[in-house]
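Let's take a walk through a protein together, one step at a time. Have a look at the sequence and the 3D picture, and then read on.

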Amino acid sequence: MRKLSLVQWQLTEIHNGLDGRAYPLGSTPLTIGRSPACNIVVEGRYISRRHAEIQRQADGCVLTVHSANGVLLDGILANGHAALVLGAVIALPGRPDITWRVSDADATDTFGPGAGLLVIDAARHEAILGGHALVLRPKEFEALALLHRAGLAAVPKQDLVRALWPESADVPHDADLNTLITGLRRKLEAATPAGRRVAIVTASRYGYRLDMA
């Protein structure tokens with residue numbers, strides 16, 4: 001991957017799975033919140049007037065969370081300060097329909113055309129696809145979250161089995177895993193917005209990975 005100058009970084013808004021406005025990230029803080037004075041104004045019950053800000057520093061970009069309600073950074077609740085990397089996805093509490101992705105202004109889509117389409121909210125145990133919550137059973141959510149964390153990499157079957165059936169990981173669960181993946185594939189296919197793709201691909205004799213576009 002080529003090394004990027006920080007002046008190329010931007011925050012791309014994703015609304016219901018579709019890319020929208022891009023905000024340059026520079027030395028002046030980019031503010032997010034309910035206040036009309038913020039650079040990005042977002043309404044919501046759990047959103048503070050000055051909820052968070054992003055600022056460029058010498059060695060990267062930093063997210064500063066001012067609200068006690070926190071910010072979801074790649075599906076994990078973040079408070080205080082957090083370093084941002086290209087491809088990071090930010091979401092605000094109570095607004096699953098809109099997210100923001102840290103991206104390269106000079107690239108069409110540095111981390112794949114599906115980035116931001118699927119958001120995993122680990123704190124609420126919720127998966128958002130195209131701005132809508134998926135109805136998943138607990139093991140389906142855990143499997144999807146594990147695949148999502150792996151990005152473009154395939155997850156070995158044994159890793160999925162250990163995560164989903166930790167109490168009996170030494171017992172063969174091939175049939176159980178196949179049934180779970182089949183059901184999850186159907187739910188993803190039914191919920192994926194028209195013209196987009198979110199699919200679980202089989203890595204032959206190895207495991208599974210997410211394919212999004």
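Accessible areas here come from the Shrake-Rupley method with a 1.4 Å probe. By that method, the accessible surface of the protein comes to about 11,000 Å², and 52% of it belongs to carbon and sulfur atoms. Keep in mind that this is a predicted model. The protein has 213 residues, of which 46% count as buried. Its chain forms 3 helices and 17 strands.

Let's begin with a sheet. Strands of a sheet pair through backbone hydrogen bonds, either parallel or antiparallel.

Now turn to helix α2 (residues 157–164). Which residues are buried in helix α2? They are Leu160, Val161 and Leu164. Seen down the axis of α2, these buried residues fall within an arc of 100°, so they line one face of the helix. The buried residues of α2 pack against α1, β15 (155–156), α3 (174–191) and β17 (207–212).

Next come the charged side chains. Side chains of opposite charge can pair when their charged atoms come close. How many salt bridges does a search of the whole structure find? It finds 6. One of the pairs sits in helix α2, where Arg162 and Asp159 are 3 residues apart, about one turn of the helix. Their side chains meet in a salt bridge of 2.3 Å, N to O. Arg162 is partly exposed at 48% relative accessibility, and Asp159 is partly exposed at 30%.

Arg197 also forms a salt bridge, with Asp211, and the closest N and O atoms are 2.9 Å apart. Arg197 lies in the loop between α3 and β16 (198–203) and Asp211 lies in strand β17, so the pair ties together parts that are 14 residues apart in sequence.

Arg50 forms a salt bridge with Glu53, with 2.7 Å between the closest N and O atoms. Arg50 is partly exposed, at 43% relative accessibility, whereas Glu53 is buried, at 11%. Finally, a network of salt bridges links Arg137, Glu140 and Lys187.

Key:
Residues numbered from 1 in each chain as written. Predicted model: local features only at pLDDT ≥ 70, side-chain atom pairs only at ≥ 80, totals over all residues. Heavy atoms only, no water. Helix = DSSP H or I, 4+ residues; strand = E, 2+ residues; numbered from the N terminus. Buried < 20%, exposed > 50% of the residue type's maximum accessible area, 1.4 Å probe, protein only. Arc of directions from axis to C-beta. Contact = heavy atoms within 4.5 Å. Salt bridge = Lys/Arg side-chain N within 4 Å of Asp/Glu carboxyl O.
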